[in-house]
Amino acid sequence: KTVQTKTILVPSEYLANGLKKEDFGSRYKFEFIPSADIAAKVKDRKGLEGYAQMFIIKLKEDVNRLHVIDLNNSELLAWSYIPYNRENTKPMNSEHIRDLMEKMEKNF
């Protein structure tokens with residue numbers, strides 16, 4: 001199993017915060033849906049085979065971690081991390097997400 005065999009659910013709220021679908025690239029299959037719908041899908045525990053969820057994690061003012069978790073078994077399928085110092089902080093934006101995706105693709 002790899003991240004490439006999954007449909008990755010991405011909270012559509014990320015798009016409301018200024019990101020674009022194309023920022024996530026085309027290597028993986030993405031589905032952008034509201035967090036509440038993802039939560040309902042997980043709570044029902046039905047139809048999770050073949051799905052993963054992307055989490056973008058902000059530490060302080062930086063967005064520097066991205067995780068992809070298999071929704072069926074909670075396995076960490078892929079991740080990326082970009083260290084930033086206080087002089088080089090970046091808010092959530094298209095360039096930063098593209099950097100995280102590029103780094104993830106090199107590892108997975």
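I began with Thr-7, leaving aside its neighbours within four places in sequence, and found contacts to Lys-29, Glu-31, Gly-50, Tyr-51 and Ala-52. I note at once that this is a predicted model. I placed Thr-7 in strand E1. Its relative accessibility is 10%, so I logged Thr-7 as buried.

I then moved to Lys-6. Lys-6 sits in the segment before E1. Is Lys-6 buried or exposed? I read 5% relative accessibility, so Lys-6 counts as buried. I looked for a partner for its side chain. The Lys-6 side chain makes a polar contact with the side chain of Asp-70, at 3.0 Å.

I found 0% relative accessibility for Ile-8, which is under the 20% limit for buried. Which residues does Ile-8 contact, neighbours within four places in sequence left aside? I listed Val-3, Tyr-28, Lys-29, Phe-30, Glu-31, Ala-52, Gln-53, Met-54 and Val-68. I also checked one C-alpha pair. Ile-8 and Phe-32 are 24 residues apart in sequence, and their C-alpha atoms lie 8.4 Å apart in space.

**Whole chain**

I stepped back to the overall layout. The protein chain has three helices and five strands. Along the sequence I read the pattern β-α-β-α-β-β-β-α. The chain has 108 residues, and 39% of them count as buried. The chain exposes about 6,300 Å², and carbon and sulfur atoms supply 49% of that. For contacts with a separation of 6 or more, I found that residues 24 or more positions apart account for 52%.

**Nonpolar cores**

I turned to the largest nonpolar core, which has 22 residues. Which members touch the most other members? They are Phe-24, Phe-30, Met-54, Val-68 and Met-101. Strands E1 (7–11), E2 (29–33), E3 (51–59), E4 (62–70) and E5 (76–81), together with H3, each supply at least two residues. H3 gives the largest share, four residues.

I followed Phe-24 on its own. Residues up to four places away in sequence were not counted. Phe-24 touches Val-10, Leu-15, Leu-19, Phe-30, Phe-32, Met-54, Ile-56, Ile-97 and Met-101. Apart from this core I found another, of five residues, among them Leu-9, Ile-38, Leu-48 and Leu-71.

**Helix H3**

H3 covers residues 94–107, which is 14 residues. I took its reach from first C-alpha to last: 20 Å, close to the 20 Å expected at 1.5 Å a residue. Which residues of H3 are buried? I noted Ser-94, His-96, Ile-97, Leu-100, Met-101 and Met-104. They cover an arc of only 165° around the axis, so they are on the same side of H3. I also looked at how H3 starts. There, a side-chain oxygen of Asn-93 comes to within 3.1 Å of the backbone nitrogen of Glu-95.

**Ala-78**

Ala-78 lies in strand E5. I read a relative accessible area of 0%, so Ala-78 is buried. Neighbours within four places in sequence aside, I found Ala-78 in contact with Val-3, Leu-66, His-67, Val-68, Met-104 and Phe-108. Ala-78 and Glu-105 are 27 residues apart along the chain, and their C-alpha atoms are separated by 8.7 Å.

**Positive phi**

Last, I looked up backbone angles at two loop residues. Arg-45 is not a glycine, yet it has a positive phi of about 60°. I located Arg-45 in the loop between helix H2 (35–44) and E3.

Ser-74 is not a glycine either, and its phi is positive, about 65°. I found Ser-74 in the loop between E4 and E5. Is Ser-74 buried or exposed? At 56% relative accessibility, over the 50% limit, I counted Ser-74 as exposed.

Note on methods. Residues are numbered from 1 along each chain as its sequence is written. This is a predicted model: local features need pLDDT of at least 70, side-chain atom pairs count only at pLDDT 80 or more; totals for chains, interfaces and linings use all residues. Side-chain values use heavy atoms; hydrogens and water are left out. The expected span of a helix is 1.5 Å times one less than its number of residues. Buried means under 20% relative accessible area, exposed over 50%, partly exposed in between (1.4 Å probe, protein chains only). The arc is that of the directions from the helix axis to the C-beta atoms. A polar contact is a pair of N or O atoms within 3.5 Å; within protein, one must be able to donate a hydrogen and the other to accept it, and residues adjacent in sequence count only if both atoms are side-chain atoms. Contact means heavy atoms within 4.5 Å. Accessible areas come from the Shrake-Rupley method with a 1.4 Å probe; for residues, only the protein chains shown count as cover. A nonpolar core is a set of buried Ala, Val, Leu, Ile, Met, Phe, Trp, Tyr and Cys residues joined through side-chain atoms within 4.5 Å.
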